[in-house]
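This report goes through one model, section by section. Please keep the sequence and the 3D view open while reading.

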Amino acid sequence: MVTSLDALGRWEKLDALTGPVQRVVRGLPLGRYRDVLHGLPIGHPLHPALVQVPMGAWLSAAVLDVVPGTGRSARLLVGVGVLAAAPAAWAGWVDWAEQHEDQMRTGLVHAASIAVAVGLYARSWVQRGRGRTARGKVLGFAGLCAAGAGGMIGGHLAYRQAAGANKTEPVPHLLDDGWHPVGRVEDFPIGEAVRRELGEVPLLVVRRPGGHLHVLAGRCSHLSGPLPEGTITDGCVVCPWHGSVFRLSDGANVRGPATAPQPTFQVSVDYEGIVHVRLPGAG
Ligand code: FES
């Protein structure tokens, strides 16, 4: 089963679709709502939270479908699920458009499964409204199977392929507590992004006009993009891969698709001009 799910990520024929669909999704005039759909205000992807509503409604409808005398309630839940699938889909698509190609292939199959589920449930709602309850129930159970398959593929995307996970979570566990030297002050030209490594952890070091040094974890929390190759502007670094913007002073993600901030190091310069950094909570 896992091997089959892994194969979705290698299904290159889907690439004929991913490019055009990605351009459409990226071109939608969503403004700041795009970051809301990513989940930036809540600190993790919004899509998994929103899918609880349609899945919960449809599962509840399936339970009611085997309880006599609950036809109206079951139909109501089927309809709620169909309507609630729309915001969940919006959030999913904007996340999908900023993923690696193997994740996007899996995401397309996930979306197709859920689209089939929505279609079956919509027909189920119509049939129930026309009094064809038995047909509506069959369509509902078929929809639940499609939604379940889509959910499993979505789980694979989230946990096996790590789409949406905070890629900087391991950083404190890879470092020892304490202060570590990373170079001399003059090694860091003002306004330039410089890469350093601390053990296994790449760092982004930036010396601002006025001499203040900022040090962030060098791999983007979104999908591990190389921040030292990013653009420094307005006290922030822009990730070169999908454009997430992180404030240098505290690592806050001021623009998505990243939903988690960057780990930010304390900085100290000793009397010999050597820069030392320390990550609070490391070790
Ligand atoms: S890796 Fe996607 S925004 Fe940085």
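In which kind of crossing does helix 5 pass helix 8? Helix 5 passes helix 8 in a left-handed crossing; a crossing is left-handed if the near helix is turned anticlockwise from the far one by less than a right angle, and right-handed if clockwise.

## Basis of the model

This is a predicted model, in which local features need pLDDT of at least 70, side-chain atom pairs count only at pLDDT 80 or more, and totals for chains, interfaces and linings use all residues. Residues are numbered from 1 along each chain as its sequence is written. Helices (H or I, at least four residues) and strands (E, at least two) are DSSP runs, numbered from the N terminus.

## Helix 5 and helix 8

Two packed helices are described by the angle between their axes and the distance between the axes. Helix 5 covers residues 52-64 and helix 8 covers residues 133-160. Their axes are 10 Å apart, and the packing angle is about 140°. Axes here are lines fitted to C-alpha atoms, for helices over the stretch in contact, and angles run from 0 to 180 degrees between N-to-C directions. Helix 5 and helix 8 are therefore oblique to each other. Angles under 35 degrees count as roughly parallel, over 145 as roughly antiparallel, 65 to 115 as roughly perpendicular and the rest as oblique.

On the helix 5 side, the residues that meet helix 8 are M55, W58, A61 and A62. Helix 8 contributes G140, F141, G143, L144, A147 and G151. Two residues are in contact if their C-beta atoms, placed from the backbone, lie within 7 Å. The contact of helix 5 with helix 8 has seven nonpolar residues, three polar and no charged. In this grouping Ala, Val, Leu, Ile, Met, Phe, Trp, Tyr, Cys and Pro count as nonpolar, Asp, Glu, Lys and Arg as charged, and the others, Gly among them, as polar.

## Helix 2 and helix 7

Helix 2 (residues 15-27) and helix 7 (residues 101-129) cross at roughly 95°, and their axes come within 10 Å. That angle makes helix 2 roughly perpendicular to helix 7.

Which residues of helix 2 meet helix 7? They are D15, L17 and T18, and they meet E101, M104, R105 and L108 in helix 7. By class, this contact of helix 2 with helix 7 has three nonpolar, one polar and three charged residues.

## Annotated transmembrane regions and helix 6

The unreviewed UniProt entry gives the annotation "transmembrane region" to residues 74-93, 108-126 and 138-159. UniProt positions are given in the numbering used here, feature names are shortened, and annotations may be inferred rather than shown by experiment. Residues 74-93 are 100% helix and 0% strand, with end C-alpha atoms 28 Å apart. Residues 108-126 are also 100% helix and 0% strand, and their end C-alpha atoms lie 27 Å apart.

Helix 6 (residues 71-96) contains G71. G71 is partly exposed, with 16 other C-beta atoms within 10 Å. A residue is buried if 20 or more other C-beta atoms lie within 10 Å of its own, exposed if 12 or fewer, and partly exposed in between, with C-beta atoms placed from the backbone. Leaving aside residues up to four places away in sequence, G71 touches R128 and T133. G71 and G131 are 60 residues apart along the chain, and their C-alpha atoms are separated by 9.8 Å.

A89 is also in helix 6. A89 has 19 C-beta neighbours inside 10 Å and therefore counts as partly exposed. Its C-alpha atom is separated by 9.2 Å from that of A115, 26 residues away along the chain.

## The annotated Rieske domain

UniProt, in an unreviewed entry, lists residues 179-276 as "domain: Rieske". Over residues 179-276 the chain is 0% helix and 43% strand, and the end C-alpha atoms are 6 Å apart.

Not counting residues up to four places away in sequence, A217 touches T168, V171, V201, L203, Q262 and P263.

## Loop residues

S224 is in the loop between strand 4 (213-217) and strand 5 (231-233). Phi of S224 is near 75°, a positive value in a residue other than glycine. S224 counts as partly exposed, with 16 C-beta neighbours inside 10 Å.

D234 is in the loop between strand 5 and strand 6 (236-238). Phi of D234 is near 50°, also a positive value in a residue other than glycine. With 9 C-beta neighbours inside 10 Å, D234 counts as exposed. A cis peptide bond, with omega about 20°, joins G256 and P257. P257 is in the loop between strand 8 (253-255) and strand 9 (266-269).
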